[in-house]
Amino acid sequence: MTGRRRIGFRRIADAALGHAESIVQRWLPDGRREGSEWSALNPTRGDHRKGSFKVNLRNGRWGDFATGDSGGDLISLAVYLFGLEPAEAARRVAEMLGVDPYE
């Protein structure tokens, strides 16, 4: 690849797990910790009751059980919540964590 640097998606997602609770508190401030999960209202829809939108703080997987939307890490959560392309979401998460987004 000439002139293009590869984004280290896995490395960024793994780094984000070490800060999962602070990340979801920032992105989903109305939520609360329930064991190893963060339960919050889904800000992308007219959600009025906590419980169907959860983020696993150990592995980063998340899901909205009312809509079926889900993802496997905190980068995909940023894509979902903020309407970003995956590469942009990874760069923003890396910047938030203070890590180099590139391999």
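## Ala87 in helix 4

Ala87 is found in helix 4. This is a predicted model. Ala87 is partly exposed there, and its relative accessible area is 27%. Leaving out residues up to four places away in sequence, Ala87 touches Ile7 and Phe9.

Asp14 lies 73 residues from Ala87 along the chain. The C-alpha atoms of Ala87 and Asp14 are separated by 15 Å.

## Two loop residues

How exposed or buried is Leu84? Leu84 is found in the loop between helix 3 and helix 4. Leu84 is buried, because its relative accessible area is 14%, and buried means under 20%. Not counting residues up to four places away in sequence, Leu84 touches Ala78, Val79, Ala89 and Arg92. Between the C-alpha atoms of Leu84 and Phe65 there are 22 Å. Along the chain, Leu84 and Phe65 are 19 residues apart.

His19 sits in another loop, the one between helix 1 and helix 2. His19 is partly exposed, with a relative accessible area of 40%. Arg58 is 39 residues away from His19 along the chain. Their C-alpha atoms, those of His19 and Arg58, are separated by 10.0 Å.

Start with strand 1. Three bridges join strand 1 to strand 2, and the two run antiparallel. Glu34 stands opposite Glu37 in strand 2. Strand 1 and strand 2 make a hairpin with two residues between the strands. Gly35 in this hairpin takes a positive phi near 65°.

## Strand 3 and its partners

Strand 2 (residues 37-40) is joined to strand 3 by four bridges. These two strands also run antiparallel. Trp38 has Val55 in strand 3 as its bridge partner. For Ser39, the bridge partner in strand 3 is Lys54.

Strand 4 (residues 62-64) is joined to strand 3 by three bridges, again antiparallel. Phe53 stands opposite Asp64 in strand 4. Strand 3 and strand 4 form a hairpin with five residues between them. In the turn, Gly60 has a positive phi of about 85°.

Which residues of strand 3 are buried on each side? In a regular strand the side chains alternate between the two faces of the sheet. Strand 3 (residues 53-56) is covered on both faces. Phe53 and Val55 are buried on one side, and Lys54 and Asn56 are buried on the other.

## Helices against each other and the sheet

Helix 2 (residues 20-27) packs with helix 3 (residues 74-82) at an angle of about 0°. Their axes are 12 Å apart. How are the two helices oriented, then? Angles under 35 degrees count as roughly parallel, so helix 2 and helix 3 are roughly parallel to each other.

On the helix 2 side, the contact is made by Ala20, Ile23, Val24 and Trp27. On the helix 3 side, the residues are Leu74, Leu77, Ala78, Leu81 and Phe82. By class, this contact has nine nonpolar, no polar and no charged residues.

## The nonpolar core

How many residues make up the largest nonpolar core? The largest nonpolar core has 26 residues. Those with the most contacts inside it are Trp27, Leu28, Val55, Leu74 and Leu77. Helix 1 (9-17), helix 2, strand 2, strand 3, helix 3 and helix 4 (86-97) each supply at least two residues of this core.

Several of these names have come up before. Trp27 belongs to the helix 2 side of the contact with helix 3, and Leu74 and Leu77 belong to the helix 3 side. Val55 is one of the buried residues of strand 3.

What does Leu28 contact, leaving aside its neighbours within four places in sequence? Leu28 is in contact with Trp38, Ala40, Leu41, Pro43, Phe53, Val55 and Leu81. Among them, Trp38 and Val55 are bridge partners of each other.

Terms used:
Residues numbered from 1 in each chain as written. Predicted model: local features only at pLDDT ≥ 70, side-chain atom pairs only at ≥ 80, totals over all residues. Heavy atoms only, no water. Axes fitted to C-alpha atoms, helices over the stretch in contact; angles between N-to-C directions. Parallel < 35°, antiparallel > 145°, perpendicular 65-115°, else oblique. Contact = heavy atoms within 4.5 Å. Nonpolar A, V, L, I, M, F, W, Y, C, P; charged D, E, K, R; others polar. Buried < 20%, exposed > 50% of the residue type's maximum accessible area, 1.4 Å probe, protein only. Pairing = 2+ DSSP bridges. Core = buried A, V, L, I, M, F, W, Y, C linked by side-chain atoms within 4.5 Å.
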